[in-house]
Amino acid sequence: MGIIRMLEGNEAAAWGAKLARAEVVPAYPITPQTELISTIASFIANGEMKAQYIKVEGEHTAMAAAIGASAAGARVFTASASQGIVFMEEALWMPPGMRLPIVMCMVNRAMAPIGGLRPDHNDSLLQRDTGWIQFYCENSQEILDTVIQAYKVGEDKRVYLPVAVCYDGYFASATATPTSIPDQKEVDDYLPPYKHEMYNLMPGEFRTIRGFPQNIAKARYEVQKATEKAKGVIEEVDKSYGEIFGRYYDGALEEYACDGIEAVFMTMGSMTGTARDVIDEIQAEGKKVGLIKMRCFRPFPTEELRKLAKKYKVIGIVDRNTSYGSASGSGIVAMEVARALYSLDDRPLLLNFHVGLGGSDVTMRQIRYIADKVLDAYQTGKAEDETDWVELKDLGEVM
């Protein structure tokens, strides 16, 4: 039977790696990820976690060591943030092509020079094309559970891809919330030891990727097929996890308070908790606006979105990122949603909102503003602003 503790997001991630029995942890500390790695180091030093912690001189080397350890047959965990993720980017392209199921926590932090120590999502979204599966977590409980699920997904022989568990620095990483820590034996039963059927470099058992295509187009197509297969695996893993541990995350997308609703907005990450509270308040006032939480950004949930699009007349996408010079000045999530829905004959009206950039607070007043704009678009059939920089508007007293 598990226990309940107040855990910060970084502590929850460390517990997830411990419960998953990660065997090799190469990492370089960087704010706001440092506590995650120091907690794992303490687990190892105290004999609570049987793993090799590799101290490296930088993030690029951390990923290089992770690649080698995973190819040799170890279950590998690492973490980074912001400039550290970008520094290891050259190596980040390797695990998907090599089909290595490394799990990495990307603790979101705004990019320099006009960033800071608090989060937006540009650091992880910069890696959206590398072939890593990407989950975005709301709180400590989801972080712990998703780390365990990430190994189950990535190590599935239909997938064999690395997985990034992303969560907001400070707002999630340093905020403590009640977290249920599963029993180790239950996790062991759910997540058996890692055994890669395609790859092993251990002495006496050497083999390379079986049937791996030498043609670049074929190789990339194989990774693409694996990411598509991952969608079904993610649903299966979430369902099976919920049956055992009692917590479900609805796979890639979660609808919240959407019964009888035709206008919704979509969030990703820690702001979703604030959005839930606002939705509860405004629906009590008679306003019919619902919420969609995007949990999985890669593989992008195209089919799920198309099903939802048949239900809703207006979808507002809230982006905690920027893509300079993009179509209509849109954020990255909004552009993906637009592409996913473009082929539909009857498409919902799409709005885009920028908030929380550089780690600024996403306030209840801002969420109320977004909800009102979505409702206005539903009632009038048109958007006042295609892309709305909410953060630059004077909305009065901060809530």
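Modeller: I begin with the cysteines. The sulfur of Cys105 has its closest cysteine sulfur in Cys137, at 7.7 Å, which is too far for a bond. A disulfide is taken here as a pair of cysteine sulfur atoms within 2.5 Å, and the structure holds zero disulfides. This is a predicted model, in which local features need pLDDT of at least 70 and side-chain atom pairs count only at pLDDT 80 or more, while totals for chains, interfaces and linings use all residues. Residues are numbered from 1 along each chain as its sequence is written, and side-chain values use heavy atoms, with hydrogens and water left out.

Buried means under 20% relative accessible area, exposed over 50% and partly exposed in between, with a 1.4 Å probe and protein chains only.

The next topic is the sheet. Strand S7 covers residues 163-168; strands are DSSP runs (E, at least two residues), as are helices (H or I, at least four), both numbered from the N terminus. Five strands form an open sheet of mixed pairing, in the order S4-S5-S7-S6-S12, where two strands pair if DSSP finds at least two bridges between them. Its edges are S4 (77-80) and S12 (296-298), each of which pairs on one side only. From one strand to the next the twist averages 25°, the axes being lines fitted to C-alpha atoms (for helices over the stretch in contact) and the angles running from 0 to 180 degrees between N-to-C directions.

Within this sheet, S6 (residues 133-136) pairs with S7 in the parallel sense over four bridges, and Ile133 stands opposite Val163 in S7. S6 also pairs with S12, here in the antiparallel sense over two bridges, and Phe135 stands opposite Cys296 in S12. Both faces of S6 are covered: Ile133 and Phe135 on one side, and Gln134 and Tyr136 on the other, are all buried.

On a 1 Å grid over the protein atoms alone, a cavity is a set of points where a 1.4 Å probe fits but cannot get out, a pocket is an open set with protein on both sides within 12 Å along at least five of seven lines, and lining residues have an atom within 4 Å of a point. The count is one cavity of 30 Å³ or more. The largest cavity holds about 40 Å³, a volume being the space filled by probe spheres set on points joined across faces, edges and corners. Helix H10 (residues 216-245) gives the largest share of this lining, three residues. The lining has five nonpolar, no polar and three charged residues; Ala, Val, Leu, Ile, Met, Phe, Trp, Tyr, Cys and Pro count as nonpolar, Asp, Glu, Lys and Arg as charged, and the others, Gly among them, as polar.

H10 also gives the largest share of the lining of the largest pocket, eight residues. That pocket holds about 640 Å³ and is lined by 24 residues, of which Asp129, Thr130, Gly131, Arg220 and Val223 lie nearest its centre. By class, its lining has 12 nonpolar, six polar and six charged residues.
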